[in-house]
Amino acid sequence: DVVILARAGQDLGRWNLQWSHLGFAYRDDAGGKPVWRVAHKLNHCGTAHGALYRQGLGEFFLDRPHRYEAAFVVLTRDAQAKLLPLLKDNFKLATLNTPSYNMVAYPWSTRYQQSNQWALETLASALEPAASSRVQAQRWLQFKGYQPTTLRIEAFQRLGARVGTAHIAFDDHPNSKRFSDRIETVTVDSVFAWLPGVGL
C-alpha cells in the first residue's frame, strides 16, 4: 500500500549519489478503482520556497529527469499502516512542512527544509506519535541512528551557489562543519541505506 519511491531528477554523480528526489507512493482506493498517487515536496523552480504535491505516477516522472530509472523501498506492514492515513489527509500531510526551501538544508535544523528532509521527518512523525514537531521528529531520527550524507563543498563553491541561486543556503549548518567544507544533508541514498538497518 505504501512505498518510498525515488527518481534521478538530477545528475548527482559528482557526489556519488544515485537518486535526487523521493516521495511516498501509496495506493488510493477512495474512488472505487485503486490508483497510485505520490505525495512529495517540490521546490518552486529555483526559488527559496517549496510546496507539497499529490500527483499520479506519470506526473512524478514527467519532470525531465536525468535518467528514466526509479528505485523504491517497500515499508513494513506496520509502517505502511501508520503512514497511509497521514498521506491521505491534507492537514496531517502538511504538519511538518516548512515552506523555506534549501536544497542542502542541515538535517538537524528547522530553519529551512528540503524535499527529502520533509519526507524523512514525515515518516518519523507517522511512526512515532510523540514526534509532532520537526524538532521531535529529528530527535527520533537521531535516536534511530539516521546518518545524513556529508558532501565536500569548498568555500568557493559554496559562495557561488549561494550568490547564484535562491534555493541554496549554508547558514543553517554549524560553523565547525561548514568551514571545514563538510555539508551534511538528507539524500535519498542515505534514507535508503538507513531504512533496512532500522527494521523499516
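I began with the pairing of β1 and β2, which is antiparallel and runs over 6 bridges. I note that this is a predicted model. Within this pair, I found Val2 opposite Tyr26 of β2.

I then followed β2 to its other partner. Strand β3 covers residues 35–43 and pairs with β2 over 5 bridges, again in the antiparallel sense. Here Tyr26 stands opposite Arg37 in β3. I looked at the hairpin that links β2 and β3 and counted 6 residues between the strands. In that hairpin Gly32 has a positive phi, near 95 degrees.

How many residues of β2 are buried? I get 7 of the 8 in residues 21–28, and I logged the strand as mostly covered.

**Arg7**

I picked Arg7 next, a residue of β1, which spans residues 2–8. Is Arg7 buried or exposed? Its relative accessibility is 6%, so I count Arg7 as buried, the cut-off being under 20%.

I listed what Arg7 touches, leaving out residues up to four places away in sequence. The list holds Trp19, Ser20, His21, His40, Leu42, Phe60, Phe61, Asp63 and Glu69.

I checked the span of α2, residues 77–88. Its 12 residues should span 16 Å at 1.5 Å a residue, and I find 17 Å between the end C-alpha atoms, which agrees. I marked Ala79, Gln80, Leu83, Leu84, Leu86 and Leu87 as buried in α2.

Why do I call α4 largely enclosed by the rest of the structure? Because 13 of its 13 residues are buried.

Which residue caps the N-terminal end of α4? I found Gln114 there. A side-chain oxygen of Gln114 lies 2.7 Å from the backbone nitrogen of Asn116.

**Thr150**

My last stop was Thr150, in strand β6, residues 149–152. I have its relative accessible area at 38%, so Thr150 goes down as partly exposed.

What does Thr150 touch, residues up to four places away in sequence not counted? I noted Arg182, Ile183 and Glu184. I also took the C-alpha separation of Thr150 and Ile183, which is 5.4 Å. Those two residues are 33 residues apart along the chain.

Notes:
Residues are numbered from 1 along each chain as its sequence is written. This is a predicted model: local features need pLDDT of at least 70, side-chain atom pairs count only at pLDDT 80 or more; totals for chains, interfaces and linings use all residues. Side-chain values use heavy atoms; hydrogens and water are left out. Buried means under 20% relative accessible area, exposed over 50%, partly exposed in between (1.4 Å probe, protein chains only). Helices (H or I, at least four residues) and strands (E, at least two) are DSSP runs, numbered from the N terminus. A polar contact is a pair of N or O atoms within 3.5 Å; within protein, one must be able to donate a hydrogen and the other to accept it, and residues adjacent in sequence count only if both atoms are side-chain atoms. Contact means heavy atoms within 4.5 Å. The expected span of a helix is 1.5 Å times one less than its number of residues. Two strands pair if DSSP finds at least two bridges between them.
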